[in-house]
Amino acid sequence: MKTTTFIPETASQLGGTPIHGMTPLPRVIRMPDLLRMYPVGRTTIYALIKAGKLPRPIALSKRARGWVLSEIEQCIAVLKAEARNEQL
């Protein structure tokens, strides 16, 4: 018998509090979401990963990869700050 596990996307789905002492799982985004957040080409995304400016994706399944949203938000903030400093 196969069981399914409910994985909340947001803290509001948990009512804002952990269930049975568990902490909520971090939100994971896939490449299309990342490209909407930081509109550059896929090649640029992979170049930024290779340069260490974006984190490596994590394995979600055998073929699927994704990024932890909070890590991506931090990296994008750093990239934007660096771009502003270069413009000065």
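Here is a walk through this predicted model, from its overall layout down to a single tyrosine.

Before we start, some bookkeeping: since the model is predicted, local features need pLDDT of at least 70 and side-chain atom pairs count only at pLDDT 80 or more, while totals for chains, interfaces and linings use all residues. Residues are numbered from 1 along each chain as its sequence is written, and side-chain values use heavy atoms, with hydrogens and water left out.

Let's begin with the parts list. The protein has three helices and three strands, and from the N terminus on they come in the order β-α-α-β-β-α. Both kinds of element are DSSP runs numbered from the N terminus: helices are H or I with at least four residues, strands are E with at least two. Of the 88 residues, 23% are buried; that means under 20% relative accessible area, whereas exposed means over 50% and partly exposed lies in between (1.4 Å probe, protein chains only). The accessible surface comes to about 7,100 Å², and carbon and sulfur atoms own 56% of that; the areas are Shrake-Rupley values with a 1.4 Å probe, and for residues only the protein chains shown count as cover. As for contacts (heavy atoms within 4.5 Å), take those with a separation of 6 or more: 45% of them link residues 24 or more positions apart.

Now the sheet. It is open, has three strands in the order β1-β3-β2, and its pairing is antiparallel. β1 and β2 (58-59) sit at the edges with a single partner strand each, so one side of each has no neighbour in the sheet. Strands of a sheet pair through backbone hydrogen bonds, either parallel or antiparallel. Here, two strands count as paired if DSSP finds at least two bridges between them. β1 and β3 are joined by two bridges, and I29 stands opposite W67 in β3. On the other flank, β2 and β3 also pair over two bridges, with G66 in β3 as the bridge partner of I58. The link from β2 to β3 is a hairpin through five residues.

On to α2 (42-50). Its buried residues are I45, L48 and I49, and seen down the helix axis they fall within an arc of 100°, so they line one face. (The arc is taken over the directions from the helix axis to the C-beta atoms.) T43 and K50 are exposed on the other side, while the buried residues pack against α1, β3 and α3. After α2 comes G52, with a positive phi near 85°.

L69, I72, C75, I76 and L79 are the buried residues of α3. They fall within an arc of 125° down the axis, so these too line one face of their helix. Q74, R84 and N85 are exposed on the other side of α3. What covers the buried residues includes β1 (28-29), α1, α2 and β3 (65-68).

So where do the buried side chains come together? The largest nonpolar core has 14 residues, and those with the most contacts inside it are I29, L34, Y38, I45, L54, W67 and I72. Such a core is a set of buried Ala, Val, Leu, Ile, Met, Phe, Trp, Tyr and Cys residues joined through side-chain atoms within 4.5 Å. Each of α1, α2 and α3 supplies at least two residues of this core, and the largest share, five residues, comes from α3.

Y38 is found in the loop between α1 (31-37) and α2. At 19% relative accessibility, Y38 counts as buried. Not counting residues up to four places away in sequence, Y38 touches I45, L48, I76 and L79.
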